[in-house]
Structures are given as structure tokens and as C-alpha cells.
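Subject: The structure you asked about

Hi,

Here is the structure I promised to pass on. Have a look at it first, and then read on for what turned up.

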Amino acid sequence: MATHARERLIETAKELFFAEGIRAVGVERLLADSGVGRASFYRHFASKDELVVAVLEERDAAWRHWLAEEVEARGREPLAVFDALEQDSEQGNYRGCAFINAMTESADADGPVHRLASEHKHAVADYIAELLAEAGQRDCDALARQFVLLMDGATVTVVRERSAEPIRNARAIAAGLLT
């Protein structure tokens with residue numbers, strides 16, 4: 001039963017944080033929407049920040065798995081990361097990157113949210129470097145960091161412009177970087 005409360009809290013937090021933002025959603029709202037009591041909340045998480053970290057840890061695993069599946073379905077071609085992002089951005093409820101959003105809402109630049117978001121971005125870059133190496137590219141680590149920079153910039157711009165065009169533009173720039 002205790003695990004169910006933890007799962008309900010995480011699922012509720014994922015939905016609310018994504019839709020409304022981390023700061024906008026208080027513990028009272030999380031408790032009310034999840035149906036979990038205060039004592040149970042604090043049995044699983046010492047603070048809301050710990051819940052944020054748990055949500056981001058799950059999001060990291062799920063998102064990287066999703067990206068790998070999407071890229072695999074597109075032939076493991078490095079530019080497929082942009083095609084997957086474009087498809088994702090065309091969903092009606094697109095709010096950008098959960099990790100960028102969490103970092104901008106976190107006051108502690110040295111805290112666990114920033115650290116986890118940074119680890120996520122490094123893992124994405126490592127995956128892209130692997131794709132680039134398989135495609136015969138040189139200086140794959142540097143090129144992968146450039147891809148992530150383009151992906152992040154395009155993702156933020158999609159939120160602002162409400163169009164997938166920035167991802168298509170980022171893809172074209174990335175294609176120009178390939179040798």
C-alpha cells in the first residue's frame with residue numbers, strides 16, 4: 001500500500017508539474033489531487049524537492065528510452081533525434097523539456113535538480129555521440145554537444161513560437177555540421 005502512495009504522488013506530480021510548473025504546484029495541491037495524506041507524503045519524501053528529483057529521475061529514464069526507440073525506428077541516423085523531437089513537439093500539450101523547465105524553476109544552481117538535469121543532458125549527448133560514431137563522424141563528443149545545444153534551443157523556441165519549425169531549422173543546421 002505504501003508503494004502505491006509513492007507512485008500516486010509521483011504520477012500526480014508528473015502531470016501537474018508538466019502542465020502548471022513546479023513552483024505553481026504546492027504540497028497541498030499534490031496531496032489533494034493524489035489522495036495521499038500528509039504523513040504518507042513525508043514518509044516517502046522529506047520535501048517537495050525530493051519529489052521533484054524522483055519525478056525527474058523517472059522522466060530521465062522514460063525520455064531517454066523513448067528517444068532511443070524513436071531513433072531506432074528511424075534507422076539510428078543521428079539526425080533522427082530532431083525528427084523525434086519534431087514529432088513530440090506537435091503534441092497538443094507540448095511544454096518543452098522537463099529538465100530545462102525544472103532548472104529554470106530551481107533556485108539552487110548547485111542543488112539536486114540542477115545536478116540531475118545536467119546528468120540527463122550529458123547522457124543525451126553521450127547517446128548522440130554514439131550515434132555519430134556509428135555514422136562515421138569525427139569529433140563525436142564535441143559534435144554531440146552541438147546537437148544538444150541545437151535541440152535545447154529549438155525546444156525552448158518551439159514553446160515560444162508554438163510551432164515545430166524551430167526543430168526543423170535546428171535539424172538543417174545539424175545536417176550542415178555533419179561531414
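Val27 sits in helix 2, which covers residues 27–34. Its relative accessible area is 16%, and Val27 therefore counts as buried, the limit being under 20%. Val27 and Ala13 are 14 residues apart in the sequence, and their C-alpha atoms are 9.6 Å apart in space. Please keep in mind that this is a predicted model.

Now for the overall picture. The protein has nine helices and zero strands, so written from the N terminus the order of elements is simply α-α-α-α-α-α-α-α-α. The C-alpha trace spans about 55 × 30 × 30 Å along its principal axes. Of the 179 residues of the protein, 44% count as buried.

What is on the inside? The largest nonpolar core has 29 residues, and the ones that touch the most other members are Val81, Phe82, Ile128, Phe147 and Met151. At least two residues of this core come from each of helix 4, helix 5 (80–89), helix 7 (112–134), helix 8 (140–161) and helix 9 (165–177). Helix 8 is the biggest contributor to this core, giving nine residues.

On the surface, there is a patch of negative charge where Asp49, Glu50, Asp108 and Asp110 gather. Glu50 belongs to helix 4, residues 48–73.

Most residues other than glycine have a negative phi. Arg76, which is not a glycine, has a positive phi of about 55 degrees. You will find Arg76 in the loop between helix 4 and helix 5. Is Arg76 buried or partly exposed? Its relative accessibility is 21%, so Arg76 counts as partly exposed.

The other one is Asp139, again a residue other than glycine, with a positive phi near 50 degrees. Asp139 is in the loop between helix 7 and helix 8. Here the relative accessible area is 58%, and because that is over 50%, Asp139 counts as exposed.

Best wishes

How values were computed
Residues numbered from 1 in each chain as written. Predicted model: local features only at pLDDT ≥ 70, side-chain atom pairs only at ≥ 80, totals over all residues. Heavy atoms only, no water. Patch = residues over 30% accessible without salt bridge, like charges linked within 9 Å, V, L, I, M, F, W, Y side chains within 5 Å. Areas by Shrake-Rupley, 256 points an atom, 1.4 Å probe, with all protein chains shown as cover. Salt bridge = Lys/Arg side-chain N within 4 Å of Asp/Glu carboxyl O. Lys, Arg positive; Asp, Glu negative; His and termini not counted. Charge placed at Lys NZ, Arg CZ, Asp CG, Glu CD. Helix = DSSP H or I, 4+ residues; strand = E, 2+ residues; numbered from the N terminus. Core = buried A, V, L, I, M, F, W, Y, C linked by side-chain atoms within 4.5 Å. Buried < 20%, exposed > 50% of the residue type's maximum accessible area, 1.4 Å probe, protein only.
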